[in-house]
Amino acid sequence: MIHFLFLLRHYYIHINVGYLGHPKNKRKAKAALLLHNPPFLALFRELYPENAPARGQSGKIQGIDPGEPIPSIVSKYQEKPNPFRNSFSIFTDTTFIGKDMKNLILFCTAVLILTGSCQKSPRSTHENPDYPHYNLSLLIDPISRMIQVEGDLTVDLKKDSVEKPFFYLQRDLAIHALTINGEKLAIVDTTASDNRFMPTARKIYLEKKSLSMPQPVKINFAYSGKLEDLPNIYANRIGPEWTEMGLYYPWFPFNPDHHKMFTYRVDVKTKGDYTAFGLGEIKKQKDRTTLETKIPTTDIVVCLSKDVKTYTAAMVQNQLNIFHHGFTDSLLKEMASNISSSYHYFNTWFGKKSGDISVIDTKREKGGGYARMGGIVLGGLQAENYYSNLEGYYRYFAHELAHLWWFKAKTTSWEDWLNESFAEYSALMVLREEFGQETFDSRLENKKRKSEGTPPIWHFDRNNAEYQIAYRVLYEKGPVLLSELEQKTGRYKFRKLCRKLIAQNIHTTEDFLKALQSIEGAETAEWFEKLLKTR
């Protein structure tokens, strides 16, 4: 055991550094920093956000490689930019040196208050022209499969240099009204969907006059129709037992190429005794349920069930809501713990996320899971095999949760590897922490076998490839290549790269390689580019 003392304008704060062993599973000891002073912990978060513990958690600092020697940890913090550079000292005794700790706390508190007061309060996102906003009324009859929608979309059509304004809408829906800023808007053409995630949609082109109007514009619409069945590899469906509507139909006019992120408010009415719920804030009223999000997202998920239950647990400073259909309290407690662990790892490695998280246990067996801002939606959960397949469920939860960080690349192009491969490798990183290196290595070897004979990631035809081929390229091969990159850079720099990609909203491979070069140099960037092109 050694001791760190940080000097802050003549004040010293005591920090213990030690090794925490795991004798039961014989995993290597991990170095951990235990911070005992809350004011300094707040300042530490500002200096080293990638290592600081989440609020509400213990003082264990993450991001230290297993078995890493104390001297190398010391050198990391000495090498990092630090406004207290000249005040950094290391001691090997236990003497506390400094003035009255009360003065230190007052000083740190004042700094934090002043810092917070100088920050500009964010505007409500649906008043922010940077993000489109939907205001919708939705009536659903699960038995007849009929829906009626009316509402408006406020959007800047010129923001992304749109030449032909269009949106996708489920082909079963008949449009009754369509106006823009109060003027009738004509549909000039419709074609079949060219987006693999919306197989039964139609692509609706609008008059170009919409581009010459002052932006943003308000598009009002009304439509209705009977929704057909989707192929069972897609998650959305409607019926008397379970309804789950989102962009796979899509039931709302949507253009993922030009306004992928948006906010919404939806008033949901149902025919029958159903509970309506989804991702985001839920407000139940006498004759309707309002679903709303002020955090920009990529989908409007609306679910209906007659017997859904809700389990709530604390998760860091946020709330975890699990919508389920009859899980026991003990299982829900275990599930919440597993989900919270993954969420905490990602907050530590990739940057903090704020806001409550919802997890929806669906009644469907097929269609898999997906993530949207505000939570994850899961298919195929089975209480009877949860504990016997704990590792598999851990990976399932972690992969979908990781998409709260990895989602910015275009999903219909080969750039989707920046979403799926990183999310899958992030899940493997969680398994390495929770189940050990042997489990991690075994998973990687399995992925190497499954990815044999697949085309390279570089310019892979994501939109037209068969589902199984796409899965093997993005979920199997991509994580293998990322594991080789992590081995080459080391875990610390790999996580640093991940944080850079997320913080800078990087969504193309070209910019990914530039970021990699900025951290590891041209030689490593060229090496990895070759892997993407040839493996």
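Colleague: Which residues lie nearest the centre of the largest cavity?

Modeller: This is a predicted model: local features need pLDDT of at least 70, side-chain atom pairs count only at pLDDT 80 or more, and totals for chains, interfaces and linings use all residues. Residues are numbered from 1 along each chain as its sequence is written, and side-chain values use heavy atoms, with hydrogens and water left out. A cavity is a set of points on a 1 Å grid over the protein atoms alone where a 1.4 Å probe fits but cannot get out, and lining residues have an atom within 4 Å of a point. The largest cavity is lined by 15 residues, and those nearest its centre are Val155, Leu157, Phe166, Asn255 and His259.

Colleague: What volume does the largest cavity have?

Modeller: A volume is the space filled by probe spheres set on the points, with grid points joined across faces, edges and corners. There are 6 cavities of 30 Å³ or more. For the largest cavity the volume is about 130 Å³.

Colleague: Which strands each supply at least two residues of the lining of the largest cavity?

Modeller: Strands (E, at least two residues) and helices (H or I, at least four) are DSSP runs, numbered from the N terminus. The strands asked for are β6 (146–155), β7 (166–170) and β12 (217–226).

Colleague: Which element gives the largest share of the lining of the second largest cavity?

Modeller: The second largest cavity holds about 90 Å³ of space, and its lining includes Trp405, Trp406, Leu418 and Phe512. Two or more lining residues come from each of α7 (417–435) and α10 (491–503). The largest share, 3 residues, comes from α7.

Colleague: At what angle do the axes of α11 and α12 cross?

Modeller: Axes are lines fitted to C-alpha atoms over the stretch in contact, and angles run from 0 to 180 degrees between N-to-C directions. Contact means heavy atoms within 4.5 Å, and residues of α11 including Phe512 and Leu516 meet residues of α12, among them Phe528 and Leu532. The axes of α11 (509–520) and α12 (522–534) come within 7 Å, and the crossing angle is roughly 145 degrees.

Colleague: Which residue in β18 stands opposite Thr243?

Modeller: Two strands pair if DSSP finds at least two bridges between them. An open sheet of 3 strands has the order β13-β18-β15, with antiparallel pairing, and β13 (243–245) and β15 (275–278) are its edge strands. Between β13 and β18 (302–305) there are 3 bridges. Opposite Thr243 stands Leu304.

Key. On a 1 Å grid over the protein atoms alone, a cavity is a set of points where a 1.4 Å probe fits but cannot get out, and a pocket is an open set with protein on both sides within 12 Å along at least five of seven lines; lining residues have an atom within 4 Å of a point.
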